[in-house]
Structures are given as C-alpha cells and as structure tokens.
Amino acid sequence: MLDGGELDVLTGDYLAELTMLILGRDRLRDPSLGYARTFLRQLEGCLGTALDHGVKLVTNAGGLNPAGLAAAISALADRLGLTVRVGYVEGDALAPPDALTANAYLGAFGIAACLDGGADVVVTGRVTDASLVVGPAIAWYGWTRDDLDALAGATVAGHLVECGAQVTGGNFSFFTELPDGGRRPGFPIAEVHRDGSCVITKHPGTGGAVTVETVTAQLLYEVGGPAYLGPDVVTRLDTATLHAEGDDRVRVSGVRGAPPPATLKVGVNNLGGYRNSMTFILCGLNIPAKAALVRGQLEAAVGADGLEFTLARTDHPDSGDTETASALLHVHLRDADRARAGRAFSAAAVELALASYPGCTLTTPPGDATPYGVFTADLVPQDAVSHVAVLPDGTRVSIPPPPDTSAPETDAQQDASTPIPAGHRTRRGPLGELVGARSGDKAGDANLGVWARSDAAYDWLRGWLSVERLAELLPETVTLTVERYELPNLRAVNFLIRGLLGAGVAGSTRFDPQAKALGELLRSRIVELPILEATG
C-alpha cells in the first residue's frame with residue numbers, strides 16, 4: 001500500500017471480539033502487554049517509508065494498552081534512527097466486576113484530535129472499526145458533530161475497507177468471474193470526499209476487482225437493520241447508492257445520517273471455563289448406532305455434564321474409499337474443571353479405540369483443555385466514558401460526548417412470502433445461480449445478507465425469500481428469532497439470526513463458529529428458480 005500509489009492515510013484494524021479475549025489473557029501474564037505485537041513487527045519494516053511519503057498511520061492495535069503501544073512505537077523509532085510523533089486515544093477501558101475485559105466502542109473525534117495535534121501515528125484501543133477512516137476524514141475536512149450526512153458517508157467508507165481485500169474480491173461469491181480468479185486481491189482504497197461520499201478503488205496492477213457487487217457484498221457484512229448505530233452518527237444503510245465509475249472504481253453516495261444514540265456499546269469478555277474436543281471417524285454401515293455407542297461409553301466414563309455430540313454425515317453409500325464412506329462424530333466437553341475437560345476426557349476417548357464400534361479411529365490425539373471466553377454486549381451512557389486524545393507533545397484533550405443524541409430507531413422488518421406467479425416458468429437449480437451472499441458474526445448472532453444480480457431477480461427474491469422459507473433452507477434457524485430487512489438500493493435482503501452462535505466465537509462449538517460459510521450454504525440449496533426474461 002505504501003509503495004503502490006498515492007495514499008494519505010493507512011489504517012490498520014487489528015481488533016475483534018476474539019482478539020480482545022486473547023489480549024486480555026496476555027495482560028494477565030504480563031501487565032505491560034495487551035496490544036497487538038504483530039503491529040510492531042510490521043511497522044519495523046515500513047515506518048521509514050510511511051514517514052518519507054508523508055502517510056499517516058491510524059490503528060486500533062493498541063487494544064487494551066494504547067499507551068503501551070505508543071511508547072513501544074517511539075522506542076522502535078529511536079532504534080531505527082527515525083523521528084516520529086505518536087498520539088493515542090484512551091478511555092474505552094471500563095472496569096465492571098468479574099470481567100476479563102470490558103471496552104466501550106469509542107468514536108472518531110479522538111483520532112481526529114491526535115491528527116490535528118501533528119501525529120504521524122495514531123494508536124487507539126477499542127474504537128468502532130469505521131472510526132479509523134472517519135477520524136482522518138474529520139481532521140482533513142474539519143467536520144463537526146453537526147455534519148451527520150458526511151459522518152455517515154465516511155462511516156460507510158470505513159465499513160467497506162475495514163476488512164481489507166474482502167471488498168476487492170476476497171471471499172466473494174462469484175470469485176470465478178474475477179479477472180485473476182480471486183488469487184491475490186489487492187487492498188482497497190477509499191477516496192473520501194468533503195460531503196462524505198467516497199469512491200472505493202485499489203492501486204493499479206493489483207489483483208481482484210472493485211465492482212458494484214464486491215462493494216455490495218462487503219456493505220452487507222456483519223450488519224443488522226438499515227439503521228447502523230455508531231457513537232458519532234446513526235448511518236442509514238438503506239440510503240447508500242452504488243455506481244460504477246469505470247474500471248475498479250465504485251462511487252458510494254447519498255448516505256444519510258441521524259444523531260447517534262445516547263449510549264455506547266460495550267464489549268465484555270469473561271473466561272467461561274475450559275473445553276476440549278475429540279473427533280471419531282465412523283465408517284460404513286450403522287453410522288447412527290456407532291455414534292450412539294460412543295456417546296454411551298463416554299458419558300459412562302466422564303459423566304454427561306458439559307458433553308456435546310455433533311454427527312456430521314459426510315459419508316456416501318457404496319463408496320470406494322474410506323474417506324468418502326465415513327461420517328465424523330465431533331465430541332466437545334466444556335467444564336469449569338480443567339482436569340475433567342483435559343486429559344481425563346481426551347484419554348477416555350482414545351481408550352475406546354480397541355473397545356468400541358468396528359473400525360474405531362480418531363482424527364485427534366489426546367490433549368489438554370484450553371480456556372474459552374464468553375462475549376456479551378452491554379451499554380453505557382456516552383457521558384459515562386472519559387474519551388481522551390493524548391497528543392504527541394503529551395497534551396491530554398478531553399473529547400466531549402455528542403451534544404445531540406436520539407433514541408435508536410426501530411427498523412421495520414419486512415417479511416415476504418409471495419409464491420412464483422402461476423404460469424411463470426421455473427427450473428430447479430442452486431439458489432446461488434441468481435444471488436450472492438455474505439455472512440458473518442455479531443457476538444452470538446449471525447447476519448446473512450443476500451443480494452440479487454439483476455432487477456428482475458431482486459423482484460423475485462424480495463417476494464420469495466421470507467423468514468419461513470429461510471427456515472426451510474437452513475433448518476438450524478427454525479427455533480431462533482430471525483429479523484428480516486430489505487435494502488432495495490442494494491437489491492438485497494439482510495437477515496439477523498439471533499442466538500445462532502451461542503456465546504460467540506470464543507465459546508462456540510459450532511462447525512462454522514463465526515457463520516462465515518452460512519451464506520454459501522444458503523446459495524448451495526436447490527430450489528425452484530424463476531426463468532427470468534430480463535437482466536440488469
């Protein structure tokens with residue numbers, strides 16, 4: 001990114017719910033840690049280049065200890081013989097009882113204050129991912145808290161580039177159509193304009209592509225309803241419009257903003273206990289009976305509490321090789337007792353190898369238990385958090401909360417259950433022939449965004465893909481609360497599936513713990529597709 005073309009600011013997003021848990025465990029071992037040490041290793045090879053090119057660096061790699069990372073950057077610069085001005089943002093860390101970590105999601109004005117104070121590098125703790133882009137835009141254009149539409153537009157820009165190459169063809173449903181087949185997509189650039197509109201592009205000569213569809217896919221990633229809540233602005237995702245502006249250039253405009261809520265989201269991580277897993281291979285006949293035998297034997301050996309069994313029917317009848325004739329029985333154990341979840345469990349599983357079902361074998365060796373975390377989200381008043389920008393000269397600037405706030409909007413859900421009109425020709429095929437999808441995790445919930453490739457396909461999709469039909473196609477959602485929202489500007493429908501991921505990625509035993517593959521599962525289902533006469 002530093003060598004590939006023009007650039008003003010380079011951002012780095014290092015934090016996720018699981019990352020905060022990992023950093024919390026690091027800090028338990030050594031209170032001087034708590035930041036992403038990988039950032040320092042990367043910075044060693046490129047800090048000089050960034051300074052030579054006048055490129056500002058903005059990162060949330062400070063994690064739980066932004067002051068510690070800022071000091072480490074200064075020490076690195078001294079060792080490299082460089083002069084660097086480092087600012088950092090703090091105040092996100094809270095201290096509720098019995099929590100490993102608790103951090104409020106701060107906004108962008110602290111970042112802007114550091115840049116206004118002359119920082120070459122700005123380090124933050126837990127800010128919203130989009131704030132890494134919004135902050136530099138505030139500093140560049142001098143926006144105030146009243147510039148809600150501009151803040152909302154920049155929030156969309158930040159959301160689009162926060163996952164790097166995921167907006168330039170990474171993880172894209174139609175990757176086979178990309179010029180390079182998705183082999184090495186380049187990193188994205190957001191050209192943010194004074195009114196908050198932006199153009200998403202990438203450096204010349206890099207792989208992947210920037211198209212309306214790649215941008216649509218990322219815009220649908222890990223969002224809920226059309227009102228996208230943030231600490232500085234509520235961004236109306238249903239107002240965003242996308243237009244191609246030539247090769248690898250997509251303009252995003254029309255985004256409207258509203259005053260932010262009076263509260264901040266707080267991410268809380270706790271240690272939930274210990275867990276361990278073993279996987280049995282069940283080959284050939286009588287798969288359910290073999291799985292039942294293992295279950296009875298393990299429950300007798302270690303007790304039933306905390307045991308979880310998942311039988312994956314990966315077997316095919318009359319197969320000519322062992323792998324395709326086999327199913328997988330995943331056995332998980334979670335317990336507060338490390339010893340029971342550790343060798344007591346895994347050794348009991350291995351000891352069944354000569355005393356269980358015919359052909360008994362495992363894919364996993366015996367091992368110790370590992371701690372797991374539980375993520376929950378809370379809210380605190382905006383004015384209860386001390387948001388502070390520490391400038392390169394040491395000056396501490398308090399960032400006041402927004403003066404105008406609003407109650408969060410309740411987005412109207414739109415369900416649909418319109419059958420294909422009588423006489424409309426259909427054919428059976430995978431849903432993914434007409435639609436793309438992008439899915440991901442939001443703590444214990446999952447989002448599933450589905451977009452159509454043409455106006456005609458969207459007219460069908462919005463009437464056909466109801467919550468009820470989603471339950472038919474994805475049976476694991478039947479007992480869950482599912483919210484459905486339409487985004488006509490994107491030709492998309494977004495589902496928020498409450499509770500699919502349980503306690504979140506750190507504590508989940510689901511095969512796809514972050515729901516990253518949920519969209520591709522949906523696209524693979526065989527359905528009655530309309531034979532459409534028009535495309536576009």
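**Notebook: salt bridges, a histidine, a helix, cysteines**

I began with Arg 236, which forms a salt bridge with Asp 411, the closest N and O atoms being 3.3 Å apart. I call it a salt bridge when a side-chain nitrogen of Lys or Arg is within 4 Å of a carboxyl oxygen of Asp or Glu. This pair links distant parts of the chain, 175 residues apart. Arg 236 is in strand E9 (residues 234–236). Asp 411 is in the loop between strand E19 (396–398) and strand E20 (426–430). Helices (H or I, at least four residues) and strands (E, at least two) are DSSP runs, numbered from the N terminus. Arg 236 and Asp 411 are both buried. Buried means under 20% relative accessible area, exposed over 50%, and partly exposed in between (1.4 Å probe, protein chains only).

I kept in mind that this is a predicted model, in which local features need pLDDT of at least 70, side-chain atom pairs count only at pLDDT 80 or more, and totals for chains, interfaces and linings use all residues. Residues are numbered from 1 along each chain as its sequence is written, and side-chain values use heavy atoms, with hydrogens and water left out.

How many salt bridges does the count come to? I get 34.

I looked next at Asp 441 and Lys 516. They form a salt bridge with the closest N and O atoms 3.3 Å apart. This pair, too, links distant parts of the chain, 75 residues apart. Asp 441 is in strand E21 (residues 435–442). Lys 516 is in the loop between strand E24 (492–497) and helix H13 (518–524). Asp 441 is buried, at a relative accessible area of 9%. Lys 516 is partly exposed, at 36%.

Then I checked Arg 510, which forms a salt bridge with Asp 512; the closest N and O atoms are 3.7 Å apart. Arg 510 is buried at 19% relative accessible area. Asp 512 is buried at 15%. I also found a network: salt bridges that share partners join Asp 415, Arg 462, Arg 484 and Glu 486.

**His 330**

I found His 330 in strand E15 (residues 326–335). Is His 330 buried or exposed? Its relative accessible area is 16%, so I list His 330 as buried. A polar contact of 3.0 Å joins its side chain to that of Thr 279. For a polar contact I need a pair of N or O atoms within 3.5 Å; within protein, one must be able to donate a hydrogen and the other to accept it, and residues adjacent in sequence count only if both atoms are side-chain atoms. I then left aside neighbours within four places in sequence and listed contacts (heavy atoms within 4.5 Å). His 330 is in contact with Met 278, Thr 279, Glu 308, Phe 309, Thr 310 and Ala 312.

**Helix H2**

Which residues of helix H2 (residues 37–44) are buried? I noted Phe 39, Leu 40 and Leu 43. They cover an arc of only 100 degrees around the axis, so they are on the same side of H2. The arc is that of the directions from the helix axis to the C-beta atoms. What covers them includes helix H3 (47–53), strand E2 (56–59) and helix H4 (66–80).

**Cysteines**

I looked for disulfides (a pair of cysteine sulfur atoms within 2.5 Å). The count is zero. For Cys 46, the nearest cysteine sulfur is that of Cys 114, 19 Å away. Cys 46 is partly exposed at 24% relative accessibility. Cys 360 counts as buried, at 14% relative accessibility.
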